[in-house]
Amino acid sequence: MKPGVVCWQSPSNIALIKYWGKYGNQLPQNPSLSLTLKNALTKMKVSYSFSGSGKLQTELLFEGKESPLFHKKVNSFLTSIFTYFPFLNQLKIRIETENTFPHSAGIASSASSMSALALCLCSIENDLFESLKIKEDFYKKASFIARLGSGSASRSVYGGMVLWGRHEGFSASSNEFAIPFREKIHPNFEFLNDAILIVNESVKKVSSSQGHALMQDHPYAKSRFKQAKASLTRILGAIRSGNTMDFMEIVENEALSLHAMMMTSKMSFILMDPDTIHIIDKIRFFRKENKVDICFTLDAGPNVHLIYPKKDRHQVKEFIENDLIASHQIKKWIDDCSGNGPIKLMV
Ligand code: PMV
């Protein structure tokens with residue numbers, strides 16, 4: 001067997017309709033919808049050669065350095081997916097990975113890194129066996145595998161808006177993998193920007209795995225899953241018709257519902273900082289005063305994502321710099337926008 005190298009860059013994504021709560025092997029309790037980003041990326045290179053040892057042999061460098069914690073996570077993930085890549089334990093694998101966004105920015109890197117890894121593994125399979133020559137099959141498997149690493153990563157293998165989870169309106173939708181949402185998208189939502197406002201750079205107090213687990217006996221779980229499904233149906237209607245008011249209301253409601261679940265779970269936790277709330281107030285005031293279609297969303301953390309049309313970039317940039325940065329509510333921000341999805345890089 002000839003040794004080989006594969007290389008992918010894969011983006012992070014921001015959920016508009018949130019996935020929070022799972023069952024079985026990383027299956028979502030409700031469907032979610034996300035926007036794939038352009039600049040917050042993981043670049044991953046995987047070199048492989050035949051070992052014939054019958055056991056997993058890996059090396060991992062994160063940003064040029066060994067990272068024992070991440071290496072352990074990757075190894076246990078690779079071991080858990082032997083069924084789907086039975087050849088893995090016959091290979092010697094070297095993974096070199098880096099992110100374009102700062103390590104300490106408080107941005108979850110699991111979506112971009114797990115999708116990059118899944119894409120690399122599918123490319124290795126295809127190089128060795130030519131079994132994923134059909135583009136649709138390739139991405140479907142990549143999304144399926146990425147999901148097993150981190151649920152939200154399943155959505156990062158496609159560009160634009162992406163749907164993960166079974167939804168009646170889409171016969172191709174599935175809990176097992178994501179699908180691109182390439183239906184009619186109103187021009188109002190064709191070019192969306194995402195300004196990621198870094199409120200706090202520290203590592204999250206509670207991991208998303210713990211958060212998902214707390215949904216299992218959450219008193220509001222049933223209503224939350226129902227609400228997310230209804231929000232998805234409504235937002236898809238808004239995206240098709242161009243109803244920005246509805247779009248913004250749903251996006252903000254989803255973010256706050258996610259955090260409401262955290263606050264009201266058996267083990268209550270709050271991931272927002274006081275400045276997160278101040279910023280939300282300021283965004284709502286700015287929207288009212290300036291008539292700009294700007295809304296916020298939150299991940300499982302204190303940082304705020306500002307979603308707005310590309311055409312308003314100048315005005316929003318002024319707001320961020322002259323108000324939020326000047327008042328020290330944020331230290332820095334990442335200027336991102338919707339992107340076209342992962343790219344296979346030449347090696
Ligand atoms: O992919 P996970 O297990 O890290 O969960 C992600 C959960 C949220 O980011 C809060 C919501 C989402 O849909 O991305």
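Student: Before we look at the model, what does buried area mean when it is given for two parts of a protein?

Tutor: Buried area is the accessible area, taken with a 1.4 Å probe, that two parts lose on being put together, summed over both. In this predicted model, domain 1 and domain 2 bury about 3,300 Å² between them, and 68% of that area is on carbon and sulfur atoms.

Student: Where in the chain are domain 1 and domain 2?

Tutor: Domain 1 covers 4–184 + 340–344, while domain 2 covers 188–337. Their centres, taken over C-alpha atoms, are separated by 24 Å, and the contact draws on 32 residues from domain 1 and 44 residues from domain 2.

Student: How should I read the charged and polar pairs between domain 1 and domain 2, and how many are there?

Tutor: As a general idea, side chains of opposite charge can pair when their charged atoms come close. Between domain 1 and domain 2 the count is one salt bridge, and there are also 13 residue pairs in polar contact, counted where both residues have pLDDT 80 or more.

Student: Which elements of domain 1 give two or more residues to the side that touches domain 2?

Tutor: They are β1 (4–17), β4 (32–50) and β8 (161–164), and of these β4 gives the most, with seven residues. By residue class, the side of domain 1 that touches domain 2 divides into 19 nonpolar, eight polar and five charged residues.

Student: How many salt bridges does the whole structure hold, and what do individual pairs look like?

Tutor: The structure holds 15 salt bridges. One of them joins the side chains of E125 and K141, at 2.7 Å from N to O; E125 sits in helix α2 (residues 110–129) and K141 in helix α3 (residues 135–149), so that pair links distant parts of the chain, 16 residues apart. Another salt bridge brings together the side chains of E183 and R240, at 2.9 Å from N to O.

Student: Turning to the ligand, which residues are closest to it?

Tutor: The ligand is surrounded by 13 residues, of which Y19, S152, R155, S208 and H212 are the closest. A polar backbone atom of Y19 is 3.0 Å from an oxygen atom of the ligand, and a backbone N or O atom of G151 lies 3.4 Å from a ligand oxygen atom. With D299, by contrast, an N or O atom in the side chain is 3.2 Å from an oxygen atom of the ligand.

Terms used. Residues are numbered from 1 along each chain as its sequence is written. This is a predicted model: local features need pLDDT of at least 70, side-chain atom pairs count only at pLDDT 80 or more; totals for chains, interfaces and linings use all residues. Side-chain values use heavy atoms; hydrogens and water are left out. Domain bounds come from an automatic or database domain assignment. Contact means heavy atoms within 4.5 Å. A salt bridge is a side-chain nitrogen of Lys or Arg within 4 Å of a carboxyl oxygen of Asp or Glu. A polar contact is a pair of N or O atoms within 3.5 Å; within protein, one must be able to donate a hydrogen and the other to accept it, and residues adjacent in sequence count only if both atoms are side-chain atoms. Helices (H or I, at least four residues) and strands (E, at least two) are DSSP runs, numbered from the N terminus. Ala, Val, Leu, Ile, Met, Phe, Trp, Tyr, Cys and Pro count as nonpolar, Asp, Glu, Lys and Arg as charged, and the others, Gly among them, as polar. A residue is near a molecule or strand if one of its heavy atoms lies within 4 Å of it.
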